[in-house]
Amino acid sequence: MPPPADIVKVAIEWPGAFPKWSLGSNENFALQIADSTNFYITEKNRNNIKNGSILRLTTSPYQTALQLHERIQSSSMDAKLEALKDLANASRDITFAQEFINLDGISLLTQMVESGTERYQKLQKIMKPCFGDLLSFTLTAFVELMDHGIISWDTFSVAFIKKIASFVNKSAMDTAVLQRSLAILESMVLNSQDLYHKVAQEITIGQLIPHLQGTDQDIQTYTVAVINALFLKAPEEKRQVRLKFSYLEMAHILAQKQLRSIILTNVIRNPTPINDEMAHQLYVLQVLTFNLLEDRMMTKMDPQDQAQRDIIFELRRIAFDVECEPNNSGSIEKRKSMYTRDYKKLGFINHVNPAVDFTQIPPGMLALDNMLYFARHHQDAYIRIVLENSSREDKHECPFGRSSIELTKMLCEILKVGELPSENCHDFHPMFFTHDRSFAEFFCICIQLLNKTWKEMRATNEDFNKVMQVVREQIMRALSLKPNSLDQFKSRLQNLSYTEILKIRQSERMNQEDFQSRPILELREKIQPEIMELIKQQRLNRLCDGTCFRKISSRRRQDKFWYCRLSPNHKVLHYGDLEESPQGEVPHDSLQDKLPVADIKAVITGKDCPHMKEKGALKQNKEVLELAFSVLYESDEYLNFIAPDKHEYCVWTDGLNALLGKEMTSDYTKSDLDTLLSMEMKLRLLDLENIQIPDAPPPIPKEPSNYDFVYDCN
């Protein structure tokens, strides 16, 4: 008779002491998972013990915390260093962390950072490596303990913040200390509104820039992350005023070609490949840089503001090479008539008062800024476009003013100006780091593209929206190629003429063509189950290959991973923690935990997942919600996932549903089904190309009067 399902066989190291599940302060021993994690077994997680697990009998979390609390206060430098190493390692376990924090361990660590460093600083000359290690392990333990979210970040003193900031501001600092100090500052800014003000007083972007000029990409990544956090978490009260101040400071640095130029030279153009975390931080910086334009984008033009109207006069002067006429030059009616004529040539909607055109938000005053930049910095191209279209009389003129306003609005939509950066996006464009006025230069290239496409389409005012759709497609296709410079982007657009766009559309239409006649629909219904079975096998094969998932908490990011894969016989899910992201497949033997597929009750997605209901920042992030799913097994146990991207989310939810005999409903499955079904249909109908297929079958002919024409095979 097989043993009950809740009984497993385990091996226990260190025999001779009696283990207990209870972890009260009076207990001396507890059980740990005997692997690289060394996590304690508790009442909450003991059901995760699998058959064949190796457990270690060791001192209880309370006893360990008590011992380490005493050891890290040792007067011996060597003993203190070993104790801090052990503390940094043990602090990854939340059970231990809770006990150590209950002993006021966080306060002890902050005091060691605040006051202990001065005491050890005298020893730096003779034992500098030891000093660096002491501080490094102290900060590592602090980061690990705070990462559990047990206590609030608001409890730390200004002295502690100043000390952490001093490690960042020093020109020469141990790499590990610098990295952890940057991580602490970033977490402070992201998790506490009050600490934002205090950190901003201690750290300037100018002090952070030297860390970008090194060769350590991890240090560069944390540095960019701190810069992003300072601008991303501006205070809510008087947000517009404070953001304006912060953004002006950032714009000043960008104008001096410091931050942008250093990132371009030392990060983007560095021979070392950019990792995912750095790509994400560059994307965030790109978004925040473009968000500097939000104020102008959402500012309406005041038709009564003479300074703003002078900009329109400047556009007219540059285009037609005229001087502003004095007030007594001709009658008022004559001047108005002349202005109206010129504003019509400039392509404004309101010829009498073009200032009204810029009262639409978005794009507001940003459109006028772009037009003026184009007129001043690309004067020949500006004059050519205006004069070329103003002299046409065949109704095919491209209205420069209206086009510029609509194009600016489109570019803001494409680059998501004014929106907060996404949590998991890595979509940065190197070309936007090559120029101090990258958005304005981007506009200048695109307005010339719009004029060129307008001529290629032989468009009139009635075709305005059609032209804008084609231009959007040209821009999006060129951006998808990730050009390294604005010149390269411009050359990519040269290969995406209107004729080429038509060819691409026709090719895509042919690939996605869906015949609607009844015989074709019947054929589709017949072969669709075969295609779905093929997709199901592909999903299960991908689950067998496995996926590395990142552990995410309320902090920005963690370099902690776990891996999950399906056994080749599709009966067991193997999973376990990893120290780092694997380069290839992870063998089943290295994954300690198992979950039989037969025990899986349901697959839960989105906000219904238990780890999305917990209190924390993640539940507020829409994109993380869209990537979350959980596996319910036994009665109320869950295996929680956050997919690295939408593709992996679809693969895993489809695969798990297929294992449970349920329908695969993801967008990825629908896309694969459409593609494979269309391909199979075309292959089967290849011999019928250019033959009209009737909706109804042909009529059956009348029976012949005799069958003498039949050949007798005998």
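At what angle do helix α15 and helix α18 pack, and how far apart are their axes? Helix α15 (residues 306-320) and helix α18 (residues 379-390) pack at an angle of about 85°, with their axes 9 Å apart. This is a predicted model, in which local features need pLDDT of at least 70 and side-chain atom pairs count only at pLDDT 80 or more, while totals for chains, interfaces and linings use all residues. Residues are numbered from 1 along each chain as its sequence is written, and side-chain values use heavy atoms, with hydrogens and water left out.

**Helix α15 with helix α18**
- The angle of about 85° between the two axes makes α15 roughly perpendicular to α18, a term for angles of 65 to 115 degrees.
- In contact terms (heavy atoms within 4.5 Å), Leu315, Arg316, Ile318, Ala319 and Phe320 of α15 meet Gln379, Tyr382, Ile383, Val386 and Leu387 of α18.
- By class, the residues of this contact divide into eight nonpolar, one polar and one charged.

**Helix α9 with helix α10**
- The axes of helix α9 (residues 205-212) and helix α10 (residues 217-232) come within 8 Å and cross at roughly 155°.
- That crossing makes α9 roughly antiparallel to α10, the term used for angles over 145 degrees.
- Ile205, Leu208, His211 and Leu212 in α9 meet a set of α10 residues that includes Ile219, Thr223, Ile227 and Phe231.
- The contact of α9 with α10 has nine nonpolar, three polar and no charged residues.

**Two individual residues**
- Glu144, which lies in helix α5 (residues 124-146), counts as buried (under 20% relative accessible area) at 15% relative accessibility.
- Not counting residues up to four places away in sequence, Glu144 touches Ala88, Ser91, Arg92 and Lys560.
- Thr499, found in helix α23 (residues 498-511), is partly exposed, with a relative accessible area of 49%, a class that lies between buried and exposed, the latter being over 50%.
- The C-alpha atoms of Thr499 and Thr453 are separated by 9.5 Å, although the two residues are 46 residues apart along the chain.

Technical notes. Axes fitted to C-alpha atoms, helices over the stretch in contact; angles between N-to-C directions. Helix = DSSP H or I, 4+ residues; strand = E, 2+ residues; numbered from the N terminus. Parallel < 35°, antiparallel > 145°, perpendicular 65-115°, else oblique. Nonpolar A, V, L, I, M, F, W, Y, C, P; charged D, E, K, R; others polar. Buried < 20%, exposed > 50% of the residue type's maximum accessible area, 1.4 Å probe, protein only.
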